[in-house]
Amino acid sequence: MVQYLEWIENTWFGIWVRESGSIWSYPMIITLHSYGMAMLVGVSAVIDLRLLGFASRVPLASLRRLFLLIRIGFWISLASGIALTIGDAATMLISPIFYIKMLFVVLALVTVRVTERNVFGRPALGADVLPTHARALALSSLVFWLGSITAGRLTAYLGPAAALKGLH
Amino acid sequence: MATLIAFSKWLETTNVSWAVRGGMPWIWPACETLHFIGLCLLVGVIGVMDLRLMGRLKGIPIGPLEHLVPWAVAGFVINVITGLLFYVGAPGQYYGNSMFWAKMAFIALAGINVLVFNLSGISRVVDMLGPEADTPWSAKLIGATSLFLWAGVIFFGRMLPFIGGAF
C-alpha cells in the first residue's frame, strides 16, 4: 500500500507538483484550491444564510442560479485537490485528518445537493414558503463546511509539501 | 519603514507574539482556520453582490441582497483580527515581503472602491432596481473592480509563503 502511494507521488506529475519550484505548480494549484473553496463554500453560505431567514426579501427562486457557481467551485476544488493529493500521496492518503476532511466534504456536498433538490427543486418555490427541514439543511451545510475547512487547514501541517512552506 | 521595523521588533518581544508564533501551538492553526472561514464569508457574499452589480444573476434584487453584507463585514473583521495576530506573531516574515504589501494595497483599494460605491450615489441607484433590471455601467465597473481586487487579495495572500518566505 505504502509503495503504491509512493509510486503515485513519484510519478512525473507528483514530483512536478511538489518539487519543481515553479510558481505554476504547488503555489498556483493551492491558490486555485482557495478560489474553488471561496466559490463552493462562500456561495453555499449565501444560500444557507437566506434559508436561515437573513435577507428574507431576496426571492428564493432568484438564488437557483447560484448552484451553477457552487458547481464551478466544486470542480475547481476537486481538480486542484486531486493534483495536491498526487503530490503528497504518501502523506495525505495515510493521514486520518485527510479522511476526516473528506468525510466532512462529502457530507456537505450531499447536504447542498439535497437542498438544491428538495428546497429549490419544488414548483411551489415562487411562493417563497420554505419546507420545514430547510433550516436544518442550511445549518448542517454550514457546520459541515466549517468542519471541512478546519480539517483541511490541519492537513497543511503534514508531509513534505508542508516543509516547502517552512513548516515542520 | 524604520519606525515600522522598530515597532515590529518590539512586538516580537511581547508575550502575545510568543504565544502566536508557536509558544501555544494551537493558536496559529486556529487563526488560519478562522482566516479561511472569514475569507469564505467575505468573498462569498461580496462575490455574489459583485456579479449582480455586473449585471449577472439578474433575478436577485440588489436592495434585499444587501442585507447579507453584515456577514461579509463579519468575515472581514475576523480576518483583520486573525491577520493582525499573524503579524504580531511573526512580523519579520511580513514587513519585508512584497506579497504582503501587495495584499494590503489591494485591500485598501477594495475599501476605496466601497467608498466610491456608497458616496457616488451608485449604491442608491442600484438599491432601487427590481429583479431583472440591468445595472448602469458605473455599477458594472464597481462590481468588476471589487471581484478583481478580492481575487488579487487571495492570490497575494496565497503567495506569501512561496514568494515572500512566510509560513
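Predicted model: local features only at pLDDT ≥ 70, side-chain atom pairs only at ≥ 80, totals over all residues.
1. Residues are numbered from 1 along each chain as its sequence is written, chains are lettered from A in the order in which they are written, and side-chain values use heavy atoms, with hydrogens and water left out.

2. Chain A puts 33 residues into the contact and chain B puts in 34 (contact means heavy atoms within 4.5 Å). About 3,100 Å² is buried between the two chains, 79% of it from carbon and sulfur atoms (the accessible area, 1.4 Å probe, that two parts lose on being put together, summed over both).

3. There is one salt bridge between the chains (a side-chain nitrogen of Lys or Arg within 4 Å of a carboxyl oxygen of Asp or Glu). B:Glu32 and A:Arg153 make it, at 2.8 Å from N to O. On chain A's side, helices H3 (26–51), H4 and H7 (134–155) each give two or more residues (helices are DSSP runs of H or I, at least four residues, numbered from the N terminus). H3(A) has the largest share, with 14 residues.

4. Now look at A:Ser80, which sits in helix H4 (residues 66–87) of chain A. This serine is buried, at 5% relative accessible area (buried means under 20%, with a 1.4 Å probe and protein chains only). Leaving aside residues up to four places away in sequence, A:Ser80 touches A:Ile29, A:Leu32 and A:His33.

Key:
Buried < 20%, exposed > 50% of the residue type's maximum accessible area, 1.4 Å probe, protein only.
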